[in-house]
Amino acid sequence: MGKALIIGCGGVGQVAIHKCVQNSEVFEEICIASRTKSKCDELKEKLDGRGTKITTAQVDADNVDELIALIEEVKPDIVMNLALPYQDLTIMDACLATKTHYLDTANYEPEDTAKFEYKWQWDYRERFEKAGITAILGSGFDPGVTGVFSAHAIKHHFDEIEYIDILDCNAGDHGYPFATNFNPEINIREVSAKGRYWENGEWVETEPMEIKRVYDFPEIGEKDMYLLYHEELESLAVNIPGLKRIRFFMTFGESYLTHLKCLENVGMTSIEPIQFEGKEIIPLQFLKAVLPDPASLGPRTKGKTNIGCIFRGKKDGKDKTYYVYNVCDHEACYREVGSQAVSYTTGVPAMIGAMMVLTGKWNKPGVYNVEEMDPDPFMEALNKWGLPWQEDFNPVPVDNTTAREAE
Ligand code: NDP
């Protein structure tokens, strides 16, 4: 049915590529392109002969001309950007120049300022519309499935949603005192930033990790979770009409937070360049180089993830609460595709989002966040492709749990 050019062959990219190959009816052909071509070649070798025709290429996704040349050579129907958020705009520019559909899993963030915002990508709306091509922003789990869950909730369960709490729990244990489950640089930038949530039309800022709650997660049990700013808050606050508050919580263990604090205190998480032995280096990038590669955590990680959304609102004039979530097992993911659940829960929705575009279900010229599209075929595909969802119509709301604010 179609051909995808997949840029990036890291933790997330490798899962998405496995899933595209499992779905070879839709992904008849893929080209895997990344900075380090050997990773693409290794994966091609593993997956060749399973139905999807695979080619590989080297590309610097910071360079628009190189990207245009590659797209013109490969002639894909869609470009799946599974590199880093820094490359979003160059890849979108190349898609515009070649009139090719675009999809990513994380919103643009300038490399020199730890601030992600949709404004840069939303700026492309008119140009994508005029070019007759679709851009799907944030088709991972969060953002991604959390937006689809929201669209599903408003379509099938509520007349009005007033409150959304997104809960991201990773109870996986990789046995290292400190490692990040996806790109360490992106992960540390995210968790060391100030917290923020949206209430009554305004953003409320908190200190990093200031707000802590304990939640009893289905199939996992009680975990400490902390309020963070997360990018889907920005788009959902706009796209869910009548919303009064939206927050995002992520679980962290004590060891992770103690290490992070220490690294912060000694300056290792800084993105300000410093001089080291006559060379300019960025401490956070150096730290990334010494930490375990997230793609290597797969064989060591045990336990489960549970990511979902608790909605509160009105249906037929009555108050209603609804929790929809997915539980994913690290070891089961590893057995299936050789990666842990954090990469799996992002790579599967990336494949599904691209499938939505290639099959014409989400094919609408312009730039869209996932919640702006019909959730039904995506929800069905989640069940089919490895991320089944579960529902609870009487969940414990976050604010009824032990409310312990961190000092
Ligand atoms: P990795 O660091 O494991 O992989 C990134 C890949 O992109 C690597 O293959 C890397 O190449 C390649 N790359 C980086 N820069 C360039 C460049 N300039 N040109 C070409 N290729 C490049 O990251 P992850 O797989 O963990 O994350 C991928 C994306 O997914 C990130 O944007 C991340 O923010 C997002 N994400 C989204 C989630 C969600 O739920 N929505 C959750 C987790 C991640 P090389 O091998 O040479 O380094």
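Visitor: Does Asp104 count as buried or exposed?

Guide: A word on the source comes before the answer. This is a predicted model, in which local features need pLDDT of at least 70 and side-chain atom pairs count only at pLDDT 80 or more, while totals for chains, interfaces and linings use all residues. Residues are numbered from 1 along each chain as its sequence is written, and side-chain values use heavy atoms, with hydrogens and water left out. Buried means under 20% relative accessible area, exposed means over 50%, and partly exposed lies in between, with a 1.4 Å probe and protein chains only. Asp104 counts as buried because its relative accessibility is 1%.

Visitor: In which strand does Asp104 lie?

Guide: Asp104 lies in strand E5. Strands (E, at least two residues) and helices (H or I, at least four) are DSSP runs, numbered from the N terminus.

Visitor: Which way do the residues of E5 point?

Guide: In a regular strand the side chains alternate between the two faces of the sheet. In E5, His101 and Leu103 point one way, Tyr102 and Asp104 point the other way, and all are buried.

Visitor: How many bridges join strand E4 to E5?

Guide: Strands of a sheet pair through backbone hydrogen bonds, either parallel or antiparallel. Two strands count as paired if DSSP finds at least two bridges between them. Strand E4 (residues 78–81) runs parallel to E5 and is joined to it by four bridges. Ile78 stands opposite His101, and Val79 has Tyr102 as its bridge partner.

Visitor: What is the order of the strands in the open sheet?

Guide: The open sheet has seven strands in the order E3-E2-E1-E4-E5-E6-E17, with parallel pairing. Its edge strands, E3 (53–58) and E17 (366–369), each pair on one side only. From one strand to the next the twist averages 20°; axes are lines fitted to C-alpha atoms, for helices over the stretch in contact, and angles run from 0 to 180 degrees between N-to-C directions.

Visitor: How many residues of strand E1 are buried?

Guide: Strand E1 (residues 2–7) is mostly covered, with six of its six residues buried. Gly2, Ala4 and Ile6 are on one side, and Lys3, Leu5 and Ile7 are on the other. E1 pairs with strand E2 (residues 27–34) in the parallel sense over six bridges, and Gly2 stands opposite Phe27 in E2.

Visitor: Let us turn to the ligand. Which residues around the ligand come nearest?

Guide: A residue is near a molecule or strand if one of its heavy atoms lies within 4 Å of it. There are 28 residues around the ligand, and Arg35, Thr36, Lys39, Ala61 and Asn183 come nearest. The shell divides into 13 nonpolar, 10 polar and five charged residues. In this scheme Ala, Val, Leu, Ile, Met, Phe, Trp, Tyr, Cys and Pro count as nonpolar, Asp, Glu, Lys and Arg as charged, and the others, Gly among them, as polar.

Visitor: Which backbone atoms lie 2.9 Å from an oxygen atom of the ligand?

Guide: A polar contact is a pair of N or O atoms within 3.5 Å; within protein, one must be able to donate a hydrogen and the other to accept it, and residues adjacent in sequence count only if both atoms are side-chain atoms. A backbone N or O atom of Cys9 lies 2.9 Å from a ligand oxygen atom. A polar backbone atom of Thr105 is 2.9 Å from a nitrogen atom of the ligand, and one of Pro143 is 3.1 Å from a ligand nitrogen atom. The protein covers 93% of the 930 Å² of accessible area that the ligand has on its own, by the Shrake-Rupley method with a 1.4 Å probe; for residues, only the protein chains shown count as cover.

Visitor: What joins Asp142 and Pro143?

Guide: A cis peptide bond joins them, with omega at about 10°. Pro143 is placed in the loop between strand E6 (134–137) and helix H7 (145–156).

Visitor: What is the phi of Lys99?

Guide: Phi of Lys99 is near 55°, a positive value in a residue other than glycine. Lys99 is found in the loop between helix H4 (88–98) and strand E5 (101–104), and is exposed, with a relative accessible area of 56%.
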